[in-house]
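Please keep the sequence and the structure in view while reading.

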Amino acid sequence: MTTELAAPAAASASAASSHPDRHASRSTSGAAAAQAGPYAVRLDRVSKAFGPPGARQLVLDDIRLEAAPGEFVCLLGASGCGKSTMLNLVAGLDQPSSGKVTVPHGRPALMFQDHALFPWLSAGRNVELALKFGGVPRNERRERAQELLKLVRLPDAHAKRVHELSGGMRQRVALARALAQGSEVLLMDEPFAALDAITRDLLHEELTRVWTAAKESGGRQGSGGGPLTVLFVTHNVREAVRLGQRVVLLSSRPGRVAREWDVELPYPRRIEDSGVTELAREITGHLHEEIVRHARH
Amino acid sequence: MPATDAASASAGPTAKREQHPEREQGPEREQTAPDPSDEMASGLDALDAPADTRAKAVSRRVLGKAGPPLLAVGLVLALWQLAHTLNWSSTLPAPGQVWADLAAAQADGTLLPAVGQSLLRCVIGFGAAAAIGIPLGLLLTRLTLLRTVLGPILSAIQSLPAAGLVPVAVIALGNSEGAVYAVVLLGSVPSIAVAVVSGIDQVPPLLLRAGKSMGATGLRGAAHVLVPAALPSFVAALRQGWTFGWRALMTAELITATPLPGIGRILAEGKESDSMSLVLAAVLLILAVGVLVESALFGPLERRVLRQRGLTGARL
């Protein structure tokens, strides 16, 4: 096991100082660290086990993780690292076995690998339903939904049925719907894993743009809150490096935080940037180590 | 179809053409030229979006739908007439004879009231069955204990032929409307409740999870996520409930001597007077009502619900 796990002070301080001994391939005081102070998401010594007593299986073990407001954090790991369990905990859909999950600004929005749009509603109505549950008054919903669809570059999709849209368009509507919830935290569970490479590349760009725009305007279109914090789960190393300000590598069975990297490359990044490739190679090396460790077990 | 085709045909070349001037424009391009990734996005969208294959000439659609059933009816009538002419069976009346019996029943004023009476009973019975069966089904999915207790009982009643229930109902309630409705309800309610339960069970968990993460819990979740997601199976449940109810009603009317006659009574009278043509006339009436309700009400309703969701169901 690596030394990072033995840092008891990790969870207590701010995002910047909570990981003093992380293996930062770049500097540790990144842009995200500058905004530290209050956190948008905090997991404090969180463990989660499933199964009946006696045959309990530990899925998450002593996770300590903080995301600063407006930070883009990618959670990376092979199968069995408990990524999705972790997002469920943060989303409030499940409770930790021990430890504490804190999301100060209310219920986070959640996006899945499958678009999970409601097929009985049009694209626009899907967004409007999220606005409705977010407490937006009826007479403002239509306009807000249109704004959000415009934000994901689907200005003409309002009346379209879900099955009339392509896979990439569906995920963009799903993004618009997630943003419509007005949450300050967006949880993404391998949202682009089922898309083809061209579409995925485009959506990486879209997501970075939406996140940056939310940051610059101090709040998202369609809501009035603070900057958008993203927790993005993936098993695609390049995707993680391309998108995130910070990449957190999780080990598998049970899921633990193995290492972290600050990604200091300027936005907008491209998947073929040499910086992205270089860091991705380094992280892939560590990921493979984690996987090989299981082979020896 | 034409719209999508045109979009994909034009978006491709346009995107290519405009990329070059954009590069040359340099610093000004942000104000003037369209965003290249926006163009990429719309080009991809046009290429990726599924083509719409719905549009078809109205006359062809009507012919395609009504043609085959009419052809089948014609074929059956022709075979029937042929069988009668060649005297394959001594008891088989001519189609004309059956028609004459129907006309006679219409002339002496018993046909329409009988059909009306049967339909009225079925509509009332079915309405009541839906009003009981759907909430009952929903309740069963919420309460595990109720489900373990009531589930097998409902399945058992569902498999019981209505003919087995009629004597029970008649002895308990007499030759009354009440006995008829009891049989219809017992035929219809379990089938609706059981189908609703299986419909709810089949709702994709991901949709429920998505709804939950949006804050759609409790009654709000049921109204905005669970029920709409299960709607296709609700329609199927109602359709099945109607069919079961209609069959049970015919059995009840055949056996029970209610004061007001229905189609089942015509069947009974035909049997008593040993008139094959009158019996066949009643059978055809029962069939016709079943087909009519199916094709005028449940068929279109089901197709609409399925098409709205991008599912194309079997056309019946």
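R153(A) is buried, because 21 other C-beta atoms lie within 10 Å; here a residue is called buried if 20 or more other C-beta atoms lie within 10 Å of its own, exposed if 12 or fewer, and partly exposed in between, with C-beta atoms placed from the backbone. This residue is found in the loop between α4 (138–151) and α5 of chain A, and R153(A) has a positive phi of about 60° although it is not a glycine. Helices (H or I, at least four residues) and strands (E, at least two) are DSSP runs, numbered from the N terminus. This is a predicted model, in which local features need pLDDT of at least 70 and side-chain atom pairs count only at pLDDT 80 or more, while totals for chains, interfaces and linings use all residues. Residues are numbered from 1 along each chain as its sequence is written, and chains are lettered from A and ligands numbered from 1 in the order in which they are written.

A positive phi, near 50°, is also computed for R45(A), a residue other than glycine. R45(A) sits in strand β1 (residues 41–50) of chain A, and it counts as partly exposed because it has 15 C-beta neighbours inside 10 Å. A cis peptide bond, with omega about -5°, joins Y267(A) and P268(A), and P268(A) lies in the loop between β9 (256–262) and α8 (274–296) of chain A. Most residues other than glycine have a negative phi, and most peptide bonds are trans.

## The two chains

Chain A has eight helices and nine strands, whereas chain B has twelve helices and zero strands. Of the 297 residues in chain A, 52% are buried, and of the 316 residues of chain B, 30% count as buried. Two residues are taken to be in contact if their C-beta atoms, placed from the backbone, lie within 7 Å. In chain A, 71% of the contacts between residues at least 6 apart in sequence join residues at least 24 apart; in chain B, residues 24 or more positions apart account for 71% of the contacts with a separation of 6 or more.

The largest nonpolar core has 151 residues, and those with the most contacts inside it are L76(A), L187(A), L231(A) and V183(B); such a core is a set of buried Ala, Val, Leu, Ile, Met, Phe, Trp, Tyr and Cys residues joined through C-beta atoms within 7 Å. Leaving aside residues up to four places away in sequence, V183(B) touches A162(B), L165(B), V166(B), A169(B), A248(B), T251(B) and A252(B).

## Where the chains meet

The contact takes 28 residues from chain A and 25 residues from chain B. On the side of chain A that touches chain B, α3 (123–133), α5 (167–180) and α6 (197–216) each supply at least two residues, and α6(A) gives the most, with four residues. The residues of this side of chain A divide into 16 nonpolar, six polar and six charged, where Ala, Val, Leu, Ile, Met, Phe, Trp, Tyr, Cys and Pro count as nonpolar, Asp, Glu, Lys and Arg as charged, and the others, Gly among them, as polar.

## Helix α4 of chain B

Helix α4 (residues 95–107) of chain B has 13 residues, which at 1.5 Å a residue should span 18 Å, and its end C-alpha atoms are 18 Å apart, in agreement; the expected span is 1.5 Å times one less than the number of residues. The buried residues of α4(B) are V98(B), D101(B) and A105(B). Seen down the axis of α4(B), these buried residues fall within an arc of 55°, so they line one face of the helix; the arc is that of the directions from the helix axis to the C-beta atoms.

The buried residues of α4(B) pack against α5 (111–142), α11 (263–272) and α12 (276–308) of chain B, while the face turned away from the buried side carries the exposed residues G96(B), A103(B), Q106(B) and A107(B). α4(B) is followed by G109(B), whose phi is positive, near 75°.

## Record annotations on chain B

The unreviewed UniProt entry gives the annotation "transmembrane region" to several stretches of chain B, including residues 118–141 and 278–299; UniProt positions are given in the numbering used here, feature names are shortened, and annotations may be inferred rather than shown by experiment. Over residues 118–141 of chain B the chain is 100% helix and 0% strand, with end C-alpha atoms 33 Å apart, and over residues 278–299 of chain B it is 100% helix and 0% strand, with end C-alpha atoms 30 Å apart.
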